[in-house]
Amino acid sequence: MKEEVGKRIRQIRENMGMTKEKFAKLLGISGQYLGVVEHGKSYLSIEKLKILCDITNLSADYILFGKDNDIINNTKTILSEFSNEQIEVGCEALQKLVLFLKSK
């Protein structure tokens, strides 16, 4: 689990276009310790995890477990604007797209 969390933290940092040193400074840790965390050898403290959540606007569920509740909630909100018939047509189109991509 430590390795998975570390990979997610590294990916978050890279997606933000930040160096280890700059990202570590935001978290209040050393660049060396951030490297240890990113390689799955240690965890961030709860306090540092909260800082990470605050600066990235990501949930602890996502950082720790890869579970993105925002996607689920956002999808439900978006889909609530469509009729059941429209959703069914969209799902059929997605199924056809998946079959097409698998055939390539």
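**Where do E14 and R10 lie, and how many residues apart are they?**

E14 and R10 both belong to helix α1, at a separation of four residues, which is about one turn of the helix. The model examined here is a predicted one, and this report describes the packing of helix α1 against helix α3 together with the salt bridges of the structure.

Side chains of opposite charge can pair when their charged atoms come close. E14 and R10 form a salt bridge in which the closest N and O atoms are 3.9 Å apart. The cut-off for a salt bridge is a nitrogen-to-oxygen distance within 4 Å.

E14 has a relative accessibility of 42% and therefore counts as partly exposed. R10 has a relative accessibility of 31%, so R10 also counts as partly exposed.

**Packing of helix α1 against helix α3**

Helix α1 spans residues 2-15 and helix α3 spans residues 31-38. Their axes come within 7 Å and cross at roughly 125°.

On the α1 side, the contact is made by K2, G6, K7, I9, R10 and R13. On the α3 side, L34, V37 and E38 take part. Sorted by class, the contact of α1 with α3 comprises five charged, three nonpolar and one polar residue.

K50 forms a salt bridge with D54, and the closest N and O atoms are 2.9 Å apart. Both residues lie in helix α4, which covers residues 46-56, and they are four residues apart, about one turn of the helix.

K50 counts as exposed because its relative accessibility is 51%. D54 likewise counts as exposed, at 51% relative accessibility; the threshold for this class is over 50%.

**Overall count**

How many salt bridges does a search of the whole structure find? The search finds three.

Terms used. Residues are numbered from 1 along each chain as its sequence is written. This is a predicted model: local features need pLDDT of at least 70, side-chain atom pairs count only at pLDDT 80 or more; totals for chains, interfaces and linings use all residues. Side-chain values use heavy atoms; hydrogens and water are left out. Axes are lines fitted to C-alpha atoms, for helices over the stretch in contact, and angles run from 0 to 180 degrees between N-to-C directions. Helices (H or I, at least four residues) and strands (E, at least two) are DSSP runs, numbered from the N terminus. Contact means heavy atoms within 4.5 Å. Ala, Val, Leu, Ile, Met, Phe, Trp, Tyr, Cys and Pro count as nonpolar, Asp, Glu, Lys and Arg as charged, and the others, Gly among them, as polar. A salt bridge is a side-chain nitrogen of Lys or Arg within 4 Å of a carboxyl oxygen of Asp or Glu. Buried means under 20% relative accessible area, exposed over 50%, partly exposed in between (1.4 Å probe, protein chains only).
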